Amino acid sequence: MRGRQRVASREYIYVHDKDENSASVRVPNVKPGWRRTLPHVIVASLSSFLYGYHIGVVNETLESISIDLGFSGNTMAEGLVVSMCLGGAFVGSLFSGWIADGIGRRRSFQLCALPMIIGAGMSATAKTLWGMLLGRLFVGTGMGLGPPVAALYVAEVSPPAVRGTFGGLTQIATCLGLMGALFIGIPAKQIVGWWRICFWVSVIPATVLALFMEVCAESPHWLFKRGRTIEAETELEKLLGGVHVKPAMTELSKSDRGDESDTIKLSELLYGCHSRVMFIGSTLFSLQQLSGINAVFYFSSAVFESFGVPSDLANTCVGICNLLGSIVAMILMDKLGRKVLLLGSFFGMAVAMGVQVIAASSFASGFVAMYLSVGGMLLFVMSFALGAGPVPCLLMSEILPSKIRAKAMAICLAVHWVINFFVGLLFLRLLEQIGPQLVYTTFGSFCLLAVIFVNKYVLETKGKSLQEIEIALLAQEAT
């Protein structure tokens, strides 16, 4: 890397390259604050809230839905109700990169809210299984579009010093969505038709997302890549304050402008110079889902009830553990770093799956098995929230080069949704066919495999600008 000279004053640092005849850049002697950016990140996090809500909305309500729509006892139909939105999410995710690059991050959020509003209404008014499945499919397309755009947006608008914290904020929003769905769904078994209210409620945050995004900042990275420099400066001033605009524009200029409009071939992503980061991203998301986390979120009620534990109490504990773990992750993200949190998270999940295997074994009595099962599941959820949940999306939005960031993120998350779909579809059937011991052993093995993978391949990105990360990866690939 080129040498640099710094001359410090009370308010500014003057930086210029030793080996170039270039003018000094006046950099503020303070880091950009987070207060200006926070409201924009909070609004963007509503897409994560909706993602969590629609994952959890069928947890408490699935039994009531199956009775009202006439497919009670059919585990395949129940699995389809859970997984159909994941099939839609695959489609939405697959096109999210092209949409985000084409119309911008802000308009993409508004677009993702539309099918969530329509699909929620269709689900709430469904009279048959097919009507419910169609509504869930519509909701899923919005779910697939929102999270990758949120990861891009947070990475591109956040100051480097708090980018990990803000990335953790989106995970907290997901947790709040899950908890909200679980709490709202509690009366579903006592009040006939309450599950329809649960779907209608989700229309409110989706509408707020669409409306409030109208006044939020567009990503300066996206504007700059489109050649809209003046607009990028305006948005940077809105996000960071006027004194930080010039240094931020200098960072942006380190990337080639205009490459967002270049055609990115699939072969470039899968086999070319970007194949390494694509391998890291797709494998990390695959291991995240193969750990079994969403099987816990989708079917925790059924699992707890099999041990005689009231589902509302158990699911409340699941939601609290998920939220607490996410808060701790948000605090530690920019202190310990992404890699440390991932390693600790996946290892803790492996231990928790081991506890679940013991709980499901024949030598564990009913009373002991109940406590081990509940304790293992809560440990699993909390461990997930500490790293495996919030880190992959944030990490990928950081390490993917700007030229391919949106489209590569779309492909990596498409892999995530495919595996998520099959886990949700087959989990109950696998429990019936091969038993919980083998299922949980498989999940735990994937968690241990993830520990090995993270230790070998994941790059630490804590405190670095997106441009610095891109340069470091290029240097790593060159060696």
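R338 is buried, with a relative accessible area of 0%, where buried stands for under 20% relative accessible area, exposed for over 50% and partly exposed for the range in between (1.4 Å probe, protein chains only). The model is predicted, so that local features need pLDDT of at least 70 and side-chain atom pairs count only at pLDDT 80 or more, whereas totals for chains, interfaces and linings use all residues. Residues are numbered from 1 along each chain as its sequence is written, and side-chain values use heavy atoms, with hydrogens and water left out.

The structure holds nine salt bridges, a salt bridge being a side-chain nitrogen of Lys or Arg within 4 Å of a carboxyl oxygen of Asp or Glu. One of them joins the side chains of R338 and E398, with an N to O distance of 2.6 Å. Because R338 lies in helix α16 (residues 338-360) and E398 in helix α18 (residues 391-399), this pair ties together parts that are 60 residues apart in sequence; helices here are DSSP runs (H or I, at least four residues), numbered from the N terminus. E398, at 1% relative accessibility, also counts as buried.

Salt bridges that share partners join D101, R105, E156 and K407 into one network. E156 belongs to helix α5 and R105 to helix α4, so the pair ties together parts that are 51 residues apart in sequence. E156 is buried at a relative accessible area of 5%, and R105 counts as buried at 0%.

A further salt bridge is found between the side chains of E235 and K238 (3.7 Å, N to O). Both residues lie in helix α10 (residues 229-240), three residues apart, which is about one turn of the helix. E235 counts as buried at 10% relative accessibility, while K238, at 33%, counts as partly exposed.

A search of the whole structure finds seven aromatic pairs, for which rings of Phe, Tyr and Trp (its six-membered ring) pair if their centres lie within 6.5 Å, and planes under 30 degrees apart count as stacked, over 60 as edge-to-face and the rest as tilted. The rings of F279 and F453 have centres 5.7 Å apart and planes at 70 degrees, so this pair is edge-to-face. The pair links distant parts of the chain, with F279 in helix α13 (residues 275-290) and F453 in helix α20 (residues 436-457), 174 residues apart. F279 is partly exposed, with a relative accessible area of 38%, whereas F453 is buried at 7%. The rings of F453 and Y457 have centres 5.0 Å apart and planes at 35 degrees, so that pair is tilted. F453 and Y457 both lie in helix α20, four residues apart, about one turn of the helix, and Y457 is partly exposed at 24%.

On the surface, I103, L111, L114, I118, L134, L137 and F138 form a nonpolar patch with about 550 Å² of accessible area together. The elements that give two or more residues to this patch are α4 (105-124) and α5 (129-157). Patches are made of residues with over 30% relative accessible area and no salt bridge, like charges being joined within 9 Å and nonpolar side chains (Val, Leu, Ile, Met, Phe, Trp, Tyr) within 5 Å; accessible areas come from the Shrake-Rupley method with a 1.4 Å probe, and for residues only the protein chains shown count as cover. L134 has its place in helix α5 and is partly exposed, with a relative accessible area of 41%.
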